[in-house]
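Subject: Structure handover

Hi,

Here is the structure I promised to pass on. Please open it alongside this email.

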Amino acid sequence: MSIPPLPLRDLFEGALALAPDERAAYLQLRCADPQQRLAVDRMLAADRSEDERLLDQPFDDLLGRVGEPEIEAPMPPPGTRIGSFTLLDKLGEGGSSVVFRAEREHSGAHQQVALKLLRRGLYAEHERRHFRDERRALAQLRHPGIAHLIEGGVTDAGVPYIALELIDGLPITDHVREHALDLRGRLLLFTAVCYAVDAAHRALIVHRDLKPSNVLVTRDGAVKLLDFGIAKLLDTDGDDATHTHSRAMTPAYAAPEQFNGGPITTATDVYALGILLGELMTGHRRSHGDTRTPSSQISLDTGPGVLPSPPEKTRRQLRGDLDNIVLTATCEEPVRRYASAAMLAADLERHLANQPVVAHPPSVGYRTRKFVARHRGGVAITVAFLLAILAALAIALWQASVARAEAQRSASVRDFLLRVFSAAEPAGPRLAPPSVTDVVRAAIVDANRSTSLDSAVRIELLSTLGRVLGAQGDMDGGVALLDANWKAALKALGPSHPTTSMAALELAQAQTAAGQHGPARILIDALLAQTDRSRDADFGARVLSASARLGVERFEQARALDESQRAMELCEHACTPQTRVVVQLTRGNALAAFQHDEAAIPVIERALALQRTLFDGPHVDIADTLQSLSRAHRRLGHLDAAEGYARESLAIVEASVPDPHVRRTDALDTLRQVLIDSRSLDEAIALGRRIVAMDRATLGPDHPGVATSENTLGYTYAMANQTAPAIEHFNSAIAISERIPDNVRKIAIYRANLGNVVGRSGDSVTGARLVQSAIDALRGLPEPDYGQICSALEKLGSLQRNGGKLDAALATFTESDRLYREKLPDAPKQWRAVTLVALGRTHIDRHEDSDAERRLHEALASVTTPAGILSPERVEARAALADIAHRRGDDATARDLLSQVDRETGGKRPALGTQLQTYIDSLSAAVMPP
């Protein structure tokens, strides 16, 4: 009877279990295939290796020691040109690739990158397709904690390459030892790694090879993840969703499913993170199948700097929560691990905050210990207080009187709510139930009339009602109520009472939302002086956040970024989760407001993750955060991600609030802005019409919000080259605004938009007159709005230039540039770039090529949009430089510039607008005739 053949792994393990002199006979009996026998012999030889770090090597290196070498593409020497890069020197190599330092000249500056060359050429179509998928996935992966893709392609010899951000840093294990980080420092650094990994997972990318050499820490302490080139798209519809290349791992950090051919999921990376976490805390790497706790593996003779503290102290620190967290992350079964890297990070943050962790088995005793650890001072005071109660009957009686007062307070609030809802109930037939605004206004009347409400209770209730009134769209009514409420608090309770301070903060925030920035700044600065003397971190963080949000509105860049960061630091340990959400959203939105969207996105994502733990299911506050994420991704050009967040937000809002509702218009507008940028103008116009109708129904026909919606709809029609409806809606916005007192600024903005469309439709005289009147009105404001003045000057200059009035256009654009430099130094750089490009093109029309080049290069230098993200200003500047080169007869330079334009625009050309597309097409026809 023949013996059935065994798999290669079973043969290797069977031979390994025998004495060396018995293996040959065993293999002769069980392994008839010569090639299989050779592979087993090589595996046994590798096992006999004295290299203690064998499992630290990538699996493809190990495989090269036991299998036949693959045919490799020859590696080029330094000095070779790969794409637009020149190889400088070799940084490292593995079984599948060689990494070089390379450089190129980019936008007038030398740029160095890490250029990864694959050893194997791509000759089969499925290989090329896989490489394109991988490159496309990398291009979409934008996170400050991940080395980003710069370029990718295939050489003429068929060798694929990827150019990545060059990182100067140390492996995370070396960094923590060199800087002797304590346990808290190591955990905070590791949570940053987790959030970077989670960002990749949400982009549907699994790393598969997380290890210290792929997790670097820069000189300034920032985490950077490397080598996402081996990751694959998570395609749930294809075979690749459950299979992986055997080489995409390093055995020491690989999950069990990577060895046994199981599905590769985000849990695979969680396993590697668990191994890495254990190594950071103990100095030792866990082996596969090890069920011992990390604290039990700490050696007393560990070298200096390896452990975060002396061995005995480290054991005490790890025992319990951290042991359980590592064991949970490194479970053999993927379903028993953390569901995501973010959940692992959140559990570590809970541990740092002395809160119960998910990984610990729940028990009353455990949660009690955590409570005591978080509130040692409060618990000690409580114990002393209870002892005092037992010692003195008078204190007990006093406590009883306090309880009665609280009961009376609760009863008065209960009676108040009952009266409010009874008053809001219709006395007779009506078409619809009372709205939120109806109930709020009834509550305001009752609260002011009530004689049973305590003064502090009345002020707290009116603060809440004023905030709700503003959220329902009545911003002016909300401000008026909150102003009266704050003054009543000053009179009844005094300026230092906490309820008075909170009433002042509510008023300042409402003033900011309503555009009353001057009074809001005075009030917030007074609160900041008050919080400097207070120990209430929660309230202090909220005041700093309110000041930062006002700083964003007033273009106070340095102040907004500083105060939002200080709020984050203040809230790191002491704030409630609700305040942490406020602080994180303020920080993220401040970063986004000043063109730091890449840094903003992970901060907003953390706020979103915390919100999801606070709310049981979808919530309108989550919808607001999704809108912030959508706007940040839209500004970066990630239109697919932006649209996804916008549609998720809209779905939550539509399921949460009635139709019509002001919350719906906010969500619809977020989606509309994405559709405008992607030039889906028909759908954007349809949404705009819905928004106008909804605003009229919820806010009333003469509300400022309706005018804003009419203006935006007019702008969308103008982009679609539908002049008549654009003019109609701009006129509607102006008509509404003229019926609102003290509304000069808005009227001027809408009139400038109207004049621009009228002028472009052929009536340049009327258009220029309208825009000039808007500029005069904006200049005459008590606090001139220089951002809107510059925008109107750009419109006027364009009309003048299109009408052939080049001297006037040059003067107008020069004035706009002066205002940007002198009055708006903190404004987004792209704003000034629009004026600089317009100046450059005006100089071209005047045949002043040297002045034009100076302005256009200045525009390119001021554009801060990341490479790979479409910037119309950058595109137009390069096209105009190509125009100058062509006029000089230097068509080679012109062709190179237009090629850069083609690469940047790709399939995004519709987003440039008709005029710019026509300009580029005419240049291309002249420089590169068919």
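Below is what turned up, from the whole chain down to single residues.

Overall
Please note that this is a predicted model. The protein has 930 residues, and 47% of them count as buried. Its secondary structure comes to 39 helices and 11 strands.

Helix α22
This helix covers residues 557-574. The buried residues are Ala560, Leu561, Glu563, Ser564, Ala567 and Cys571. In an α-helix there are 3.6 residues a turn, so residues three or four places apart point the same way. You can follow that spacing along the buried set, from Ala560 through Ser564 and Ala567 to Cys571. The cover over these residues includes α20 (517-531), α21 (537-553) and α23 (577-593).

Glutamate 279
This residue lies in helix α9, residues 266-282. Is glutamate 279 buried or exposed? It counts as buried, because its relative accessibility is 8% and the cut-off for buried is under 20%. Leaving aside residues up to four places away in sequence, glutamate 279 touches Thr173, Pro212, Tyr253, His284 and Arg285. Leucine 307 is 28 residues from glutamate 279 in sequence. In space, the two are 9.4 Å apart, C-alpha to C-alpha.

Strand β1 is residues 81-82, and strand β2 is residues 85-93. They pair in the antiparallel sense, over 2 bridges. Isoleucine 82 has phenylalanine 85, in β2, as its bridge partner. The hairpin has 2 residues between the strands. Glycine 83 takes a positive phi there, near 60°.

Rings
How many aromatic pairs does the whole structure hold? The search finds 0. A ring does take part in another kind of arrangement: the charged end of arginine 841 sits over the ring of tyrosine 919. The distance to the ring centre is 3.6 Å.

Best wishes

Methods
Residues numbered from 1 in each chain as written. Predicted model: local features only at pLDDT ≥ 70, side-chain atom pairs only at ≥ 80, totals over all residues. Heavy atoms only, no water. Pairing = 2+ DSSP bridges. Helix = DSSP H or I, 4+ residues; strand = E, 2+ residues; numbered from the N terminus. Phe/Tyr/Trp six-rings, centres within 6.5 Å; stacked < 30°, edge-to-face > 60°. Lys NZ or Arg CZ within 6 Å of the ring centre and 35° of its normal. Buried < 20%, exposed > 50% of the residue type's maximum accessible area, 1.4 Å probe, protein only. Contact = heavy atoms within 4.5 Å. Expected span 1.5 Å × (residues − 1).
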